[in-house]
Amino acid sequence: MKKRILIADDHQLFGEGLKELLSKQSTFEVTGPLKEREEIIQGVIRLKPHVLLLDINLGKTNGILLGRDLKNSYPGVKIIMLTMYEDEKFLKQSKQFQMDGYLLKDCETSVLLSGIEKVLNGGTCFTEFESLTEDQNIGKDNFMARYQLSTRELEVMHQLRHGFNNQEIAENLNLSFHTVKTHRKNIYMKLNVSNVAELIVVMNKF
């Protein structure tokens, strides 16, 4: 019997690409992507998926909190958070709310398939991040304070640091292209840099 996989992601291109990728596995029956909170809940009720691949950023919906609610109402559902956020806080929340996994969207296909298989077999698949030390946390706070950066600007900076262009950042952070362009302009102005290479030099000082 094929294992039912449900994708919940509000980035249509990513969701469709993921569906196509997983559908190549003869053992999977893949549905989605679903975007809205209620349709995801109804999808879980109707389809009874063996595994739900759930994004964190679903527009106005926090995927981790949605996952918590689904776990409380339907404890049999297996949920893997599939996200772009390499964030220790989100990872801890996912474990706290008894999610079955936490994987990054840019992970290797083999890692994703292995993670799904582990969860199907009753295990877990959590991507571990290097925890920030207290001194590193202080450094991050000082960096934001010194340059008067917002949390969103810091997110955009980390995307730039990892080589994403404006359009990719817009898709990853669920923002408009114009908003990302404005954030980037403000970041460059605040840090007094003119390109990504100079930006990385400044970031590496903290």
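Biologist: How many helices and strands does the protein have?
Modeller: The protein has 10 helices and 8 strands; helices (H or I, at least four residues) and strands (E, at least two) are DSSP runs, numbered from the N terminus. This is a predicted model, in which local features need pLDDT of at least 70, side-chain atom pairs count only at pLDDT 80 or more, and totals for chains, interfaces and linings use all residues. Residues are numbered from 1 along each chain as its sequence is written, and side-chain values use heavy atoms, with hydrogens and water left out.

Biologist: In what order do the strands of the open sheet come?
Modeller: The order is β2-β1-β3-β6-β7-β8, with parallel pairing among these 6 strands. Two strands pair if DSSP finds at least two bridges between them.

Biologist: Which strands stand at the edges?
Modeller: Those are β2 (28-34) and β8 (125-126); each has a single partner strand, so one side of each is left without a neighbour in the sheet.

Biologist: And how many bridges join β1 to β3?
Modeller: There are 4 bridges between β1 (residues 3-8) and β3, which run parallel. Leucine 6 stands opposite leucine 52, a residue of β3.

Biologist: Which strands does α3 touch when it packs on the sheet?
Modeller: Helix α3 touches β3 and β6, and its direction makes about 175° with that of β6. Contact means heavy atoms within 4.5 Å. Axes are lines fitted to C-alpha atoms, for helices over the stretch in contact, and angles run from 0 to 180 degrees between N-to-C directions.

Biologist: Which residues of α3 are buried?
Modeller: In α3 (residues 63-73) they are Gly63, Ile64, Leu66, Gly67, Leu70 and Lys71. Seen down the helix axis, they fall within an arc of 155°, so they line one face of α3. The arc is that of the directions from the helix axis to the C-beta atoms. Buried means under 20% relative accessible area, exposed over 50%, and partly exposed in between (1.4 Å probe, protein chains only).

Biologist: What covers those buried residues?
Modeller: The cover includes α2 (37-47), β3 (51-54), β4 (57-58), β5 (61-62), β6 (78-83) and α4 (88-96).

Biologist: New topic: where is threonine 124?
Modeller: Threonine 124 is in the loop between α5 (109-120) and β8. Its relative accessibility is 48%, so threonine 124 counts as partly exposed.

Biologist: What is threonine 124 in contact with, leaving aside neighbours within four places in sequence?
Modeller: Threonine 124 is then in contact with Asp100, Lys118 and Val119.
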